[in-house]
Amino acid sequence: PTAGTARISGFDVRRQPRQVRAHLGCVLTGERSVYWKITARENLEYVASLCHLPPSVARQRIRSLLERFGLLERADDLVERFSSGMKQRLALARALLAKPPVLLLDEPTVGLDPQAAVNLRALIRELADEGHAILLSTHYMEEADQLCHRIGIIDAGRIIAMGTPAELKRRLDRES
């Protein structure tokens, strides 16, 4: 950050980066969150090793996540053969492998077909219902309206509006 402070699960992002990373799962814009030249299972095994998960725990979590995200039958296929929706589901599984309480989702539905986007939004709602704190970056106002309890609108690096979707709509109606 160039100014201000930021905390994830109470940890300062500048002074406690290791603890922040342990509490944060990340899905980047597009398909940059997965390795294309290895399989879905290998992607998850790699991340499990980076998170220092014991092998028995890693195997159980990997199988569970592959099953939950509808990827078990394709677990040993190269990711480069996956659809965009499958890659995004794998990226989300990857972000959840270490069971982080906070998820950062950067434009998770960009480039997805309408049905894949609907399905991914449903998964995001499930994760929120399970207690994950989710920070969603999106340009799709309808998506923000559907998924977010609070919305912050940022322009040139500054928050110019913040509130619930209903509050922001009322404010917009008054200003129109």
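Buried means under 20% relative accessible area, exposed means over 50%, and partly exposed lies in between, using a 1.4 Å probe and protein chains only. The model is predicted, so local features need pLDDT of at least 70 and side-chain atom pairs count only at pLDDT 80 or more, while totals for chains, interfaces and linings use all residues. Residues are numbered from 1 along each chain as its sequence is written, and side-chain values use heavy atoms, with hydrogens and water left out.

**Stop 1: charged pairs**

Select Arg15, which counts as exposed at 62% relative accessibility. A salt bridge here is a side-chain nitrogen of Lys or Arg within 4 Å of a carboxyl oxygen of Asp or Glu. Side chains of opposite charge can pair when their charged atoms come close. How many salt bridges does a search of the whole structure find? The search finds eight.

Next, select Arg68 and Glu130, another salt bridge, where the closest N and O atoms are 2.5 Å apart. This pair links distant parts of the chain, 62 residues apart: Arg68 is in helix 3 (residues 55-68), and Glu130 is in the loop between helix 5 (114-129) and strand 5 (133-137). Helices (H or I, at least four residues) and strands (E, at least two) are DSSP runs, numbered from the N terminus. Arg68 is partly exposed at 32% relative accessibility, and Glu130 is partly exposed at 47%.

Move to Asp77 and Arg74, whose salt bridge has its closest N and O atoms 2.4 Å apart.

**Stop 2: rings**

Select Tyr35 and Tyr46. The structure holds one aromatic pair. Tyr35 and Tyr46 form that pair, edge-to-face, at 5.7 Å centre to centre and 80 degrees between the planes. Tyr35 lies in the loop between strand 3 and helix 2 and Tyr46 in helix 2, so the pair ties together parts that are eleven residues apart in sequence. For pairing, rings of Phe, Tyr and Trp (its six-membered ring) need centres within 6.5 Å; planes under 30 degrees apart count as stacked, over 60 as edge-to-face and the rest as tilted.

Are Tyr35 and Tyr46 buried, partly exposed or exposed? Tyr35 is partly exposed at 44% relative accessibility, and Tyr46 is partly exposed with a relative accessible area of 36%.

Now select Trp36 and Lys87. Lys87 lies over the face of Trp36, at 3.5 Å from the ring centre. A charge sits over a ring if NZ of Lys or CZ of Arg is within 6 Å of the ring centre and within 35 degrees of the ring normal.

**Stop 3: strands**

Select strand 3 (residues 24-27). Its covered face has Gly25 and Val27, and its uncovered face has Leu24 and Cys26. Four bridges join strand 3 to strand 4 (residues 102-106), and the two run parallel. Strands pair if DSSP finds at least two bridges between them. The bridge partner of Cys26 in strand 4 is Leu104.

Finish at strand 6 (residues 151-155) and strand 7 (residues 158-163), which pair in the antiparallel sense over five bridges. Which residue of strand 7 is the bridge partner of Ile151? Gly163 is that partner. Strands 6 and 7 form a hairpin with two residues between them, and Ala156 in the turn has a positive phi of about 55 degrees.
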